[in-house]
Amino acid sequence: MKQTPETIILVNFACADIQLLARGIRSEGIYTMVMPYTVSKERIMAEKPSGLIFCHDGEPAAATAPLAALGLPTTTASSRTPVAELTAFCKERCGCHGSWRMASFIDDAVKDIREQVGDSRVVLGLSGGVDSSVVAALVHRAIGDRLTCVFVNHGLLRKNEAEMVQEIFARNFSMNLCYVDASKRFLDKLAGVADPEQKRKIIGKEFIDVFAEAAREIGAPFLGQGTIYPDILESIPMDGNPAGVIKSHHNVGGLPEDLHFKLVEPLERLFKDEVRVVGRLLGLPSELIDRHPFPGPSLGVRHVGPICRDTLAMLREADAIVTDELIKADWYHKTWQTFAIFVPVKTVGIKNHQRSYDYVIAIRSINSVDAVTAQVVRLPWELLEKMSERIVHEVNGVNRVVYDITAKPPGTIEWE
């Protein structure tokens with residue numbers, strides 16, 4: 001990752017709310033990074049930080065001593081430490097000016113992309129979501145038509161997603177866009193796979209393989225990705241223990257050794273809300289910027305258990321109903337994400353005046369600023385009833401709808 005001036009590093013000693021602290025300091029114009037307490041002194045100093053904050057749920061461990069010996073200004077914090085107190089430390093003791101802004105980020109990112117890519121071409125995986133769309137706009141601003149966006153239909157998209165994304169980009173951008181229908185390829189590889197981490201890894205590997213094939217035809221040595229900071233934080237063990245990984249992200253962890261792509265990841269230091277700000281400054285349309293976030297593995301992480309085409313179709317239809325009713329009720333832009341989940345559990349019910357033994361669909365609606373934490377949305381009961389009624393009557397194979405009322409933490413936003 002590129003270095004950022006006036007960086008403050010938050011060192012994690014099992015602080016559950018460390019991402020909130022980091023985000024709070026960032027909101028004051030001071031760039032922060034989060035690292036586990038097992039981080040080496042060399043890795044910390046590579047960022048040329050202005051100061052360190054040791055974050056802990058009790059007294060800091062003795063392991064702070066080697067890091068404190070680096071000669072940088074240090075302080076300790078816990079989940080209860082006011083952000084204003086930490087901001088004062090950054091400004092008064094570390095000499096930070098609070099000058100980190102999104103407008104300057106764009107200028108720096110465009111310059112970095114040009115320096116990294118030179119006269120070469122870039123292939124970028126476009127999903128139609130906020131992150132990949134903003135990366136596409138940034139890279140296009142930097143290198144113009146030497147960017148080719150590859151939109152892959154992996155069979156896990158929402159209803160009519162493939163057609164909609166192509167139409168939006170054709171209308172708003174003059175970019176090279178290549179559409180690849182790889183749905184059979186993905187779904188065949190996912191058949192019978194129940195473990196969520198294995199599913200994510202399969203999807204990630206197939207994405208890389210598809211891009212490799214497209215890049216060979218395009219002649220692009222660089223691969224653009226919409227990796228953002230929460231993806232990285234959730235994919236590394238913040239306590240130094242591999243079991244501490246929350247969940248892997250298909251765009252985090254590097255590339256297979258047999259591939260020769262060099263990654264272009266201009267958003268890898270930004271939280272989701274910061275990405276939206278960048279998108280607006282770049283002039284992206286609201287229909288892209290204000291869309292609900294959609295995970296890279298798409299419906300693959302909203303379909304619990306093994307994915308088969310029939311149950312995936314149930315999820316796709318149920319999700320379309322949820323979105324449709326949310327828009328009709330003028331609630332779409334009042335929530336961060338609202339979506340359906342397929343639950344591989346059958347329950348007894350009554351459909352068409354007969355006994356049924358069909359599947360369950362869950363509805364999840366949350367609000368968040370940066371996807372680090374999330375609060376459950378109390379959707380109007382009448383709206384939930386309408387969603388449930390339509391799903392049960394219009395989606396064959398479903399006879400029950402439930403509502404997820406779990407915040408993040410302890411749950412994650414997605415179910416897998």
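The structure is a predicted model, with local features needing pLDDT of at least 70, side-chain atom pairs counted only at pLDDT 80 or more, and totals for chains, interfaces and linings using all residues. Residues are numbered from 1 along each chain as its sequence is written, and side-chain values use heavy atoms, with hydrogens and water left out.

Four strands make up an open sheet, ordered β2-β1-β3-β4, with parallel pairing. Here helices (H or I, at least four residues) and strands (E, at least two) are DSSP runs numbered from the N terminus, and two strands pair if DSSP finds at least two bridges between them. At the edges sit β2 (32-36) and β4, each pairing on one side only. From one strand to the next, the twist averages 25 degrees; axes are lines fitted to C-alpha atoms, for helices over the stretch in contact, and angles run from 0 to 180 degrees between N-to-C directions.

Within this sheet, β3 has partners in β1 and β4. Strand β1 (residues 8-12) pairs with β3 in the parallel sense through five bridges, and Ile-9 has Leu-52 of β3 as its bridge partner. Between β3 and strand β4 (residues 74-77) there are four bridges, again in the parallel sense.

How many residues of strand β3 are buried? Five of the five residues of β3 (residues 51-55) are, so the strand is largely enclosed by the rest of the structure. Buried means under 20% relative accessible area, exposed means over 50%, and partly exposed is in between (1.4 Å probe, protein chains only). Both faces of β3 are covered, with Gly-51, Ile-53 and Cys-55 buried on one side and Leu-52 and Phe-54 buried on the other. Helix α1 (residues 18-26) lies across β1, β2, β3 and β4 and runs at about 170 degrees to β1.

Now for the other sheet. Five strands form an open sheet in the order β7-β6-β5-β8-β9, with parallel pairing. Its edges are β7 (176-181) and β9 (262-264); each has a single partner strand, so one side of each is left without a neighbour in the sheet. The twist there averages 30 degrees from one strand to the next. Three bridges link strand β8 (residues 222-224) with β9 in the parallel sense, and Leu-223 stands opposite Leu-263 in β9. Helix α6 (residues 130-143) packs on this sheet, touching β5 (122-126), β6 (147-153) and β9, and its direction makes about 160 degrees with that of β5. Contact means heavy atoms within 4.5 Å.

Helix α6 also meets another helix. Helix α5 (residues 102-117) packs against α6 at an angle of about 60 degrees, with the axes 9 Å apart. On the α5 side the contact is made by Phe-105, Ile-106, Ala-109, Val-110, Ile-113, Arg-114 and Val-117, and on the α6 side by Leu-138, Val-139, Arg-141, Ala-142 and Ile-143. By type, the residues of this contact split into 10 nonpolar, no polar and two charged (Ala, Val, Leu, Ile, Met, Phe, Trp, Tyr, Cys and Pro count as nonpolar, Asp, Glu, Lys and Arg as charged, and the others, Gly among them, as polar).

Thr-227 is in the loop between β8 and α10 (229-235) and, at 1% relative accessibility, counts as buried. Its side chain is joined to that of Glu-265 by a polar contact of 2.8 Å, a polar contact being a pair of N or O atoms within 3.5 Å; within protein, one must be able to donate a hydrogen and the other to accept it, and residues adjacent in sequence count only if both atoms are side-chain atoms. Thr-227 and Thr-76 are 151 residues apart in sequence and 30 Å apart in space, C-alpha to C-alpha.

Arg-269 lies in the loop between β9 and α11 (272-281). Buried or exposed, at 7% relative accessibility? Arg-269 counts as buried, and a polar contact of 2.8 Å joins its side chain to that of Glu-47.

As for α11, seven of its 10 residues are buried, so the helix is largely enclosed by the rest of the structure. The buried residues of α11 are Lys-272, Asp-273, Glu-274, Val-275, Arg-276, Val-278 and Gly-279, and what covers them includes α1, α5, α6 and α12 (286-289). Just after α11, Gly-283 takes a positive phi of about 85 degrees.
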